[in-house]
Amino acid sequence: MEINMTFLGQMISFAILVWFTTKFIWPQLNGAIEERQKKVAEGLAAAERARAELKDADAKVAVEIKQARLQATEIIDKAQQQGNQILEKARAEATNEINRLKAQAQDEIASMAQRAREQLREQVGALAVRGAEKIVQREIDPAAHKALLDQLAAEI
Amino acid sequence: MASEPQGGLTEYIQHHLNHMTVNFSADHFWFWNLRADSIIISFVLGAAFCLWFWLFARKATSGVPSKGQALVELAIEFVDTQVKDTFHGDRRTVTPLALSIFMWVFLMNAMDLLPVDLAGWLVHTFAGDEVAHHTYFRMVPTADINTTVGLSVAVLFIVIGHGIKAKGGFGFGKELLTAPFHANNPIAKLVLVIPNFLLNVVETLSKPVSLAMRLFGNMYGGELVFMLIAGLMVSWISFVPGVVFNTAWAIFHILIIALQAFIFMMLTIVYIATAREHH
């Protein structure tokens, strides 16, 4: 257990070692470590930010969807209303047409009845004349009695 | 020393406790003995540490680290965490110091795990019987008091340097004379200068002594136990227990190796931290 020159040598070696570590090893490695720590921290912060953004976007999407649904409902309502209106209008037009057709038919019927009545009246007039002929047993001049006969026919 | 009559194990151990010594002075004064084995092994290990860490430091990336870089970073962050917990200040010089101490002492301690006869066997094999008889080589630099004292005295200088840097030359000197006993009137202050100074000297000197003796004692003792166990393997009867004991002691010694390196580093940090404190 003697202390000798070795001790000085070891001291010098130690000093060199410490100097080397301080100068060449520590700064580089520590720099890398610290930079990585910063990167990791930034990455985590970015992830956090992205998560928050995603949440925001989700909320926005929900609002949009709600609005779209509302709009769709409105459109459907409007379409239904419009459909009803069209139906109503068509119904009214159809009714009008029916009424018109009915009126026309009634007119026709009326005119046909009129014509039939007139024919009937003429035929009745003729029949009456013939009957009268038979009754009178003589021929009445239709031309001479035309005015009379017409009057008769009109009276029937 | 080897003339004792027991021979055998005693001689074996005494042979193993001799250092490879070189003396440069003409009169062979003992102080000028240089223990070449301690110096060479510690220097090689220090250089290995430098090279290893430097290679990774050179191409250190802040991106995904290689496994090697991760290992190096693990060591650095481990040391840095310890420093951070104990020492509150600029760590740019303290952590490298702690890292150097930890890795160097750890590597030197780890030499204890090499077989005690490895060096002897190598000399034997490559240089022959005759040379081996006169050649001494001890593998564990920290089992040499010179290494541990060298380290702890260097640490002492660093600690004092930190004290002076933190308090200024005047403040450091003043504290040396006025702490730990404080007084208010000047006469009492003057009276207390001597006990204060003595106490501070004792306190300061006890630090390197305790650091050096603790590490030296642990490693020397560990080495001695390895040698005693190696003595078991001389006979075939005790060979198997020898192997068992050797393995058990080696496994236990892994703990001591790391623990002693850690304690040396930790105490250095604590000493620096206290040196920077104002009393």
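## A salt bridge between the chains

In this predicted model, the side chains of R36(A) and E73(B) form a salt bridge, with N and O 2.8 Å apart. The count of salt bridges between chain A and chain B is one. Residue pairs in polar contact between chain A and chain B, both at pLDDT 80 or more, number four. On the side of chain A that touches chain B, 16 residues are nonpolar, 10 are polar and four are charged.

Side chains of opposite charge can pair when their charged atoms come close. Over all chains, a search of the whole structure finds eight salt bridges. Some of these are described below.

## The contact between chain A and chain B

Chain A brings 30 residues to the contact, and chain B brings 54 residues. The size of an interface is often given as the accessible area lost when the parts come together. Here chain A and chain B bury about 3700 Å² between them. Carbon and sulfur atoms account for 74% of that area. Of the area that chain A buries against chain B, 20% comes from Q10(A), F14(A) and W26(A), more than from any other three residues.

## Helix α3 of chain B

E73(B), the chain B partner in the salt bridge with R36(A), is one of the buried residues of α3(B). What covers the buried residues of α3(B) includes a helix of chain A, α1 (5-136). From chain B, the cover includes α2 (36-58), α4 (94-110) and α9 (239-275).

Helix α3 of chain B runs over residues 67-86, which is 20 residues. At 1.5 Å a residue, α3 of chain B should span 28 Å, and its end C-alpha atoms are 29 Å apart, so the two values agree.

## D80(B) and its partners

D80(B) pairs with R91(B) in a salt bridge, the closest N and O atoms being 2.9 Å apart. This pair links distant parts of the chain, 11 residues apart: D80(B) is in helix α3 of chain B, and R91(B) is in the loop between α3 and α4 of chain B.

T95(B) is found in helix α4 of chain B and is buried, with a relative accessible area of 0%. Leaving aside residues up to four places away in sequence, T95(B) touches W26(A), V79(B), D80(B) and V83(B).

## Salt bridges within each chain

In chain B, D144(B) and R35(B) form a salt bridge, with their closest N and O atoms 2.5 Å apart. The two residues lie 109 residues apart and link distant parts of the chain. D144(B) is in the loop between α6 (129-134) and α7 (145-178) of chain B, while R35(B) is in strand β2 (residues 33-35) of chain B. Both D144(B) and R35(B) are buried.

In chain A, the side chains of R51(A) and E48(A) meet in a salt bridge at 3.4 Å, N to O. These residues are three residues apart in helix α1 of chain A, so about one helical turn separates R51(A) and E48(A). An α-helix has 3.6 residues a turn, so residues three or four places apart point the same way. R51(A) counts as exposed because its relative accessibility is 53%. E48(A), with a relative accessible area of 47%, is partly exposed.

Key
Residues numbered from 1 in each chain as written. Chains lettered and ligands numbered in written order. Predicted model: local features only at pLDDT ≥ 70, side-chain atom pairs only at ≥ 80, totals over all residues. Heavy atoms only, no water. Helix = DSSP H or I, 4+ residues; strand = E, 2+ residues; numbered from the N terminus. Expected span 1.5 Å × (residues − 1). Buried < 20%, exposed > 50% of the residue type's maximum accessible area, 1.4 Å probe, protein only. Contact = heavy atoms within 4.5 Å. Buried area = accessible area lost by both parts, 1.4 Å probe. Salt bridge = Lys/Arg side-chain N within 4 Å of Asp/Glu carboxyl O. Polar contact = N/O pair within 3.5 Å; in protein donor to acceptor, adjacent residues only side chain to side chain. Nonpolar A, V, L, I, M, F, W, Y, C, P; charged D, E, K, R; others polar.
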